[in-house]
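Please consult the sequence and the structure below before reading on.

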Amino acid sequence: MTERTSLRSARARLQSAQTYAEWLDAAHAVDHLTGAEAWRADDDSGAYHADLLRQQRDAMRQQRERGRAQELARLLTHSLYRNLADIQSPELYETALVGTKHLVSAYLDECEASLLWLAQSDAFEPGEQLRRFEQAERVFGRSALMLSGGATFGFYHFGVVKGLLEHDALPDVICGSSAGAMIAAGVCARRDDELHDLFANPAQIRLDGLHPAGLRRFASTGAWMQGEQLREVLEHNIGPASFQEAFVHSGRTLCISVSPTRVRQKPRLLSRLASPDVLIASAALASSALPGLFPPVVLEMRADDGGVEPYIATETWIDGSIHGDLPKMRLARLHNINHFIVSQTNPHVLPVAHLRAGDRGARPALTGLASTVARNQGATAADFVRRLSGSGVVGRVSTQLHNVASQDYAGDIEIVPRFNPWMYRKIVSNPTLDDLRFFILEGQRAVWPKLAMIREHTRISRAFDRCLALLRAQA
């Protein structure tokens, strides 16, 4: 077998892999045959500052091995930040499939070892030690998983969550909009063991949320689908928890974006900090209420007596993707997030997202170009109509269209499922159980090529989490 034939075979195995182990075996073969394996072993690259990284690694190791806790703490305080020496440069993760430069991994190994060593050091008073780690963790920032809208395509998010969970790479902060809100709520309402059971038995998920309202109801409500049916399905899949109750149960922080129906109301990012008593099933319902498809929603909250009552009874809310598919600024302010892992399934964004993700070839390039042109022209046209129409129905609709077309849909790491144009015929339909299994597998497949990048980008944050858990247990 020639080298070219071997490479073609290895790439075919990448595309058809059913498990991460199969994918990783094929990825190692591809990296060996393309020379990426040798690239990883060579420290030199214009994409990052190898000498600075090597210097910092050696300095940390020296202070740790000599038992100099105070000096090591000062060194980490001065030098430990998320993108030191450009180690998060995308170019460092575009050559090899299984990982980046060995020097980057070695530097992160030493960061992790140094933090854990300091957390167990007796050179500080226990209270002082915890205070320093909490301050350092705030300065460094945190990662969040953001699940976009996407109608039926949103079920890809299940596979993304499964792929991250299986490799201990699922962030504790998960934000969702529209279809992503449904998935995020269901995930954050469950502990890890409950999620593993859900993925092992996906038939327990109800998939019949879309039920036509009929022409008579459409004429009176303007919605093609029954909101009651979707509410029932979401309450089954998510449960009765509020944002705070879900956090206490799972340890995960859930954020859901909702858009207003009133002109002078503002979009909101619901979370355990901003709206602890709001029921997450009602938030997911509101975030999924696409105008024309579902009626607007009055949010519900846990009352003082344990019952349920309206949350801001005078306001109704609609699809979160309209104003904030990826509400990064609000998430940063609320939860100290400065690193965004985006699972992108929006039908109008997928072609462009594939270009950003580095897909090669004529078809993704042409599809992405056409999509970009259409979005830009759509945003311009919607803005023109909005300026002419004032605050009436046409003005509100054009404003919503402009907001959708002009948003920033990019993340620090983007997880994008393979582009399948034939799936657009199912964009607004109830998936079958076989469809769900397909979405889950494709979501996992989208994670696997990004897994090394996600692990390395989040290693220091996860080390902080372990250190803080250790110190708080001792306090």
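A cavity is a set of grid points where a 1.4 Å probe fits but cannot get out, and its lining residues have an atom within 4 Å of a point. The model discussed here is predicted.

**Cavities**

Counting cavities of 30 Å³ or more gives 2 in this model. The largest cavity has a volume of about 60 Å³. Its lining consists of Arg82, Ile87, Gln88, Tyr93, Val104, Leu108, Phe140, Glu456, His457 and Ile460. Two or more of the lining residues come from each of α6 (102-119) and α21 (451-474). Helix α21 gives the largest share, 3 residues.

The second largest cavity holds about 50 Å³ of space. Around this second cavity are Phe153, Tyr156, Leu350, Arg418, Phe419, Asn420, Met423 and Tyr424. The table sets out the lining of each cavity by residue class.

| Cavity | Nonpolar | Polar | Charged |
|---|---|---|---|
| Largest cavity | 6 nonpolar residues | 2 polar residues | 2 charged residues |
| Second largest cavity | 6 nonpolar residues | 1 polar residue | 1 charged residue |

**Aromatic pairs**

A pair of aromatic rings is described by the distance of the centres and the angle of the planes. Across the whole structure, a search finds 13 aromatic pairs. In one of them, the ring centres of Phe153 and Tyr156 lie 6.2 Å apart with the planes at 65°, so this pair is edge-to-face; an angle over 60 degrees is what places a pair in that class. Phe153 and Tyr156 are both buried, and both also belong to the lining of the second largest cavity.

Phe158 and Phe199 form another such pair: their ring centres are 6.2 Å apart and their planes stand at 85°, so this arrangement is edge-to-face as well. Phe158 belongs to helix α8 (residues 156-166) and Phe199 to helix α10 (residues 192-200), so the pair ties together parts that are 41 residues apart in sequence. Phe158 has a relative accessible area of 7% and is therefore buried, while Phe199, with a relative accessible area of 10%, is buried too; the limit for this class is under 20%.

Which residues do ring pairs link into a cluster? The cluster is made up of Phe153, Phe155, Tyr156, Phe158, Phe199, Tyr424, Phe438 and Phe439. Among these residues, Tyr424 is also listed in the lining of the second largest cavity.

**A charge over a ring**

Elsewhere in the model, Arg272 lies over the face of Phe247, at 3.9 Å from the ring centre.

How values were computed
Residues are numbered from 1 along each chain as its sequence is written. This is a predicted model: local features need pLDDT of at least 70, side-chain atom pairs count only at pLDDT 80 or more; totals for chains, interfaces and linings use all residues. Side-chain values use heavy atoms; hydrogens and water are left out. Rings of Phe, Tyr and Trp (its six-membered ring) pair if their centres lie within 6.5 Å; planes under 30 degrees apart count as stacked, over 60 as edge-to-face and the rest as tilted. Buried means under 20% relative accessible area, exposed over 50%, partly exposed in between (1.4 Å probe, protein chains only). Helices (H or I, at least four residues) and strands (E, at least two) are DSSP runs, numbered from the N terminus. A charge sits over a ring if NZ of Lys or CZ of Arg is within 6 Å of the ring centre and within 35 degrees of the ring normal. On a 1 Å grid over the protein atoms alone, a cavity is a set of points where a 1.4 Å probe fits but cannot get out, and a pocket is an open set with protein on both sides within 12 Å along at least five of seven lines; lining residues have an atom within 4 Å of a point. Grid points are joined across faces, edges and corners, and a volume is the space filled by probe spheres set on the points. Ala, Val, Leu, Ile, Met, Phe, Trp, Tyr, Cys and Pro count as nonpolar, Asp, Glu, Lys and Arg as charged, and the others, Gly among them, as polar.
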